[in-house]
Structures are given as structure tokens and as C-alpha cells.
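Hello,

Here is the structure for you to look at. My notes on it follow below.

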Amino acid sequence: MDELYQAIEEKIKAAGYPREISGQAVYEDICDQIEGKENGSYVLLSKFDDDVIFEYHITIMDHEFNLGILTMRLPEGIYAANFDED
């Protein structure tokens, strides 16, 4: 799982996100957001920090999910990470 968390952090940092970020915290937030949801595509909002909104574009399947785009809205600006691109 550490590799997954690191990959999340790297993708977010590569998008220009200017703050410290924990891949594990993002992953756990996603899991909390999708708990109990049926299969399908969703746009989910999460107040990640006091002044930070994360917008997840997620496809939920039977036993997994795909995070497509993560848009991060901060007072410093808006940053987007496309997890479907290498």
C-alpha cells in the first residue's frame, strides 16, 4: 500500500499542489466517501482541510474504484491531477 500512497502523493505534487499531502489520507478519504455507494460514476466533494475542497471524479466497480480526476480548490488556486494519464 505504501507504493500506492506514494503514487497518489507524487501525482498531486506534480499537479502543482503547494501544501503537504498524505497519499494515505487521500486514499482513506476516498474510501470514506465511496462507502455504501452503488456501482457507477460519481463526482464527490470533500472538505479535505479547513480551507481545501477536494473534488473526486470516481468510477465505482464491484470490488474496486478508479479515481479519474482530482481537482483541489485552495485559496492559493485550483489544481487538477488526472490519474488516468501516466
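What share of the contacts in the protein with a separation of 6 or more comes from residues 24 or more positions apart? The share is 31%, where contact means heavy atoms within 4.5 Å.

Please keep in mind that this is a predicted model, in which local features need pLDDT of at least 70 and side-chain atom pairs count only at pLDDT 80 or more, while totals for chains, interfaces and linings use all residues. Residues are numbered from 1 along each chain as its sequence is written, and side-chain values use heavy atoms, with hydrogens and water left out.

Overall fold

Two helices and four strands make up the secondary structure, in the order α-α-β-β-β-β along the sequence. Helices (H or I, at least four residues) and strands (E, at least two) are DSSP runs, numbered from the N terminus. Along the principal axes, the C-alpha trace spans about 35 × 25 × 20 Å. Of the 86 residues, 33% are buried, that is, under 20% relative accessible area with a 1.4 Å probe, counting protein chains only.

Glutamate 55

This residue sits in strand E2 (residues 52-61). Is glutamate 55 buried or exposed? Its relative accessibility is 13%, so glutamate 55 counts as buried. Its side chain makes polar contacts with the side chains of histidine 57, at 2.8 Å, and arginine 73, at 3.3 Å. A polar contact is a pair of N or O atoms within 3.5 Å; within protein, one must be able to donate a hydrogen and the other to accept it, and residues adjacent in sequence count only if both atoms are side-chain atoms. Beyond neighbours within four places in sequence, the contacts of glutamate 55 include Val43, Leu45 and Ile69.

Regards

Terms used:
Buried < 20%, exposed > 50% of the residue type's maximum accessible area, 1.4 Å probe, protein only.
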